[in-house]
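Dear colleague,

Here is the structure I promised to pass on. My notes follow below it.

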Amino acid sequence: MINSVPLILNFSHVYEMQGFVSDIPHVMKDCTGMTGTNGYCDDRAAEKIRQRLEPETSVCFIDNGNYHYVSCIRAGMVSEPFDMIVFDHHTDMQPSMFGQMLSCGSWIRNTVMGDSMLKGVLLIGADQDYICEIKKDDDPGLSGRIKMVSGQELAKNGLPHEMTDGSRPVFISIDKDVLAGDECPTNWDQGSMSVEVLKELLVYIIGKRRVCGIDICGEPAADADMRDIMRSSAVNRQILACLGVIQI
């Protein structure tokens, strides 16, 4: 069980339309007026986000996938050696197009290269083609510290559960674009994982490892069909329930 009142970072106004928010105790921080945050995060925006974070918070909602880089900022607040498990349809390890600027597509790379406390990353659910692109990169700074199980491999063989073993605490970052679009629509292309499989994997991991943080992103756009926004809200509620934060 994760004992924490969730923190919600509201960048796009989407959480204002999600029913799960009114059903749970939470702390919501307004990030809607911040510049330099959409997809890419400049240094000034990163500092403003850092000021809105609460280190003692275990569970943090970070809006749609354009803001997944917040997991890099949050992970940087962990003060002990830890591992990270990421659920994502994408690898989020592409080199940034603008030097070392943090982005939603580079944040895992940034974290691995810049956070001395992070010892290893397990990426679950990324598309095999995206994984092949990263392997071609052959960056020595990444090799040996990152393990990847593609969405295709997961669907065929299941998760090699020994990959989640370890004695260090674990930081879990979930992008709901790892899920099938008909179960939980997002603003990015998506994988095929079911909500039930995601929940089963989360329950297994938190039963094996001490958790030092959980981030959840992958909301639809704020101007998406209201039915999609409410489906995403329902999945958020299910995730919180399987973490033991709420009962449904």
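Start with the contacts. In the protein chain, residues 24 or more positions apart account for 73% of the contacts with a separation of 6 or more; contact means heavy atoms within 4.5 Å.

Some ground rules. This is a predicted model: local features need pLDDT of at least 70, side-chain atom pairs count only at pLDDT 80 or more, and totals for chains, interfaces and linings use all residues. Residues are numbered from 1 along each chain as its sequence is written, and side-chain values use heavy atoms, with hydrogens and water left out.

Overall form. The protein chain has eight helices and ten strands. Both are DSSP runs numbered from the N terminus: helices are H or I with at least four residues, strands are E with at least two. The radius of gyration is 16 Å, close to the 18 Å from the globule rule for 248 residues, so the chain is as compact as a globular protein of that length. That radius is taken over C-alpha atoms, and the rule is 2.2 Å times the number of residues to the power 0.38. The C-alpha trace spans about 45 × 40 × 35 Å along its principal axes.

Surface. The protein chain exposes about 10,800 Å², and carbon and sulfur atoms supply 50% of it (Shrake-Rupley method, 1.4 Å probe). Buried residues make up 54% of the 248. Buried means under 20% relative accessible area, exposed over 50%, partly exposed in between (1.4 Å probe, protein chains only).

The sheet. Eight strands form an open sheet in the order S2-S1-S4-S10-S9-S5-S7-S8, with parallel pairing. Strands pair if DSSP finds at least two bridges between them. S2 (27–30) and S8 (146–149) are the edge strands, each pairing on one side only. The twist averages 15 degrees from one strand to the next. Axes are lines fitted to C-alpha atoms, for helices over the stretch in contact; angles run from 0 to 180 degrees between N-to-C directions.

Look at S5 (residues 82–87) and S7 (residues 118–124). They pair in the parallel sense over six bridges. Asp 83 stands opposite Gly 120 in S7. Helix H4 (residues 107–114) packs on the sheet, touching S5, S7, S8 and S9 (170–175), and its direction makes about 160 degrees with that of S7. Helix H7 (residues 195–208) also packs on the sheet. H7 touches S5, S9 and S10 (211–217), at about 170 degrees to the direction of S9.

Cysteines. The disulfide count is zero, taking a disulfide as a pair of cysteine sulfur atoms within 2.5 Å. For Cys 41, the nearest cysteine sulfur is that of Cys 72, 9.1 Å away. Cys 41 is buried at 2% relative accessible area. Cys 132 is partly exposed at 33%.

Best regards
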